[in-house]
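Colleague: Thanks for making time today! Could you walk me through the contacts here, one question at a time?

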Amino acid sequence: MAPKVVEEAAVAVIKPRALTQRIASLLSSGRLWLLLMLVSLPGFSLFATVLPEDRADVMYHRYDGGGVEVDGPSILVRKSVMDTVSLSANYYVDSISSASVDVVSTASPYTEERTESSLSLDYLHNKTLMSLALTKSDESDYLSETGSVSISHDMFGDLTTVSLGYSVGNDDISRNGDADFGDQVKRQNYRVSLSQILTKNTILGVGWETITDEGFLNNPYRSYRYLDPLAGNGFSYLPEVYPRTRTSNALAFRLKYYLPYRAALSSEYRYFNDTWGIDANNFELAYTHPFREKWIFDIRYRYYTQDGADFYSDLFSRRAPQTYLARDKELSSFQSHTLGLAMSYEIKPGFLQFVDRGTLNLAYDYIRFNYDDFRDLTRGGVVGEEPFYSFSANVIKAYVSIWY
Amino acid sequence: MLTNHRLLPVLLLLALSGCSIEPWVQPYERARLADPIMSFERDPVANGFRHHVYQTREAARGAEGGGGGGCGCN
């Protein structure tokens, strides 16, 4: 069995469908009209948007929580060509080792690696910024390709920036150890955002994003739990069944305020809902404090809460009592709290002539997840009355940034 | 439904592009806003990773600010 899986995976890697061709064919089907229409709008270019800064970032990231450890590098390089084009490339790796609570209950711990690479091009034309990005994410059982276009424009004397974006992605899903399984997902994102200068100390950001998914949307390794009088422990598992479509909407507000001394206060609120019956809200408050010439300290708190999907249950009354069945804790009702600390120190590496400046950065997030309807079976108890699950995660980011 | 989603921003922009408003914050009054500490996306790589962590642990997604584009991760 195993050699066959390896063989199939190898074929998938050797013969990937040409990403650019797929993106072009997806975009050509009448979707570019929006972009073209905007570019051709008369009187649309009132003030210039600028290209992103030339910079490079090298980061080491680590996530450790709930039996899951993920770490790896991320490298981003951005460089402008003349005054109108900026190119960027990002390479990102997740090395995952998982023995999470679901895995411990129903399957074996595993390790895997995900690599993500992306290229983007920003083009400044007639004082309008247009961006094109291609992203490819690759792991042994999941191949994902995404293409994005966006357009951004300043108006009303540079007080307002409006951006529109569209992404389309195709995912190929397989299941390690099961050569017969294969399915797809098609994803589309529609984004509108607005950045507004309110006063000489205050900026407001508003963002809306609608995402549609069609295809195989559950995790092929996860199972739902149901009462089974024939089972020794009183319950059994069967593979989850999700709807094959999902549409979600998110609306976010961000406010940034410059304090009377040099420091910044920011807040964020986001509302989310989807066609699976999930409602979520998150709120964040952050404070940024520069210290002397070279230091910047950040502290932030984030609260997140969601109501579970309509078809979620920790324990179904019997085998297949309804069409859709989920016991994925990410679809249950829960809250999370994040406390984040970050510090940045500015450097001037004199031995690198082409570098204007750089920063050394270290960030730490503590995240606590408390579940309302997902029970921890590793701790035992009467069936259906096991203690609720909760866990903490530690997230570390260490990175160097340079501007040139 | 999708057609409406796509049409709405276009109509909005059409309406906006015909107007002209005297800026109430002049360019020379924007020194504080130009300070890097006032940027919504000061560190794109770190922010990208932060959104990725939340997207894999929480059902909510979208409108995170920045590039977005989805990661296809389960």
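Modeller: Happy to! Let me start with a term: buried area is the accessible area, taken with a 1.4 Å probe, that two parts lose on being put together, summed over both. Please keep in mind that this is a predicted model.

Colleague: With that in hand, what is the area buried between chain B and chain A?

Modeller: The contact involves 51 residues of chain B and 99 residues of chain A. Carbon and sulfur atoms give 62% of the area buried between the two chains, and the total is about 6,500 Å².

Colleague: How many salt bridges does the rule find across the interface of chain B and chain A?

Modeller: One pairing between the two chains joins the side chains of Arg55(A) and Asp43(B), at 3.2 Å from N to O. Across the interface of chain B and chain A, the number of salt bridges found by the rule is seven.

Colleague: Let's look at Glu64(B): which residue of chain A meets its side chain in a salt bridge?

Modeller: Glu64(B) lies in the segment after H2 of chain B, and its partner sits in strand S13 (residues 264-274) of chain A. Glu64(B) counts as buried because its relative accessible area is 13%, and the cut-off is under 20%. At 3.7 Å from N to O, the partner is Arg270(A).

Colleague: Now within chain A, is Asp57(A) buried or exposed?

Modeller: The side chain of Asp57(A) forms a salt bridge with Arg55(A), 2.9 Å from N to O. Arg55(A) itself is buried, with a relative accessible area of 7%. Asp57(A) has 1% relative accessibility, so it counts as buried.

Colleague: And how many residues apart are Asp94(A) and Arg114(A)?

Modeller: Their side chains meet in a salt bridge of 3.3 Å, N to O. Asp94(A) belongs to strand S3 (residues 85-98) and Arg114(A) to strand S4 (residues 110-125), so the pair links distant parts of the chain, with a separation of 20 residues.

Colleague: Last one: which side chain does a polar contact join to that of Asp172(A)?

Modeller: Asp172(A) is placed in strand S7 (residues 160-175) of chain A. Asp172(A) is buried because its relative accessible area is 18%. The polar contact spans 3.1 Å, and the partner is Gln184(A).

Notes:
Residues numbered from 1 in each chain as written. Chains lettered and ligands numbered in written order. Predicted model: local features only at pLDDT ≥ 70, side-chain atom pairs only at ≥ 80, totals over all residues. Heavy atoms only, no water. Helix = DSSP H or I, 4+ residues; strand = E, 2+ residues; numbered from the N terminus. Buried < 20%, exposed > 50% of the residue type's maximum accessible area, 1.4 Å probe, protein only. Polar contact = N/O pair within 3.5 Å; in protein donor to acceptor, adjacent residues only side chain to side chain. Contact = heavy atoms within 4.5 Å. Salt bridge = Lys/Arg side-chain N within 4 Å of Asp/Glu carboxyl O.
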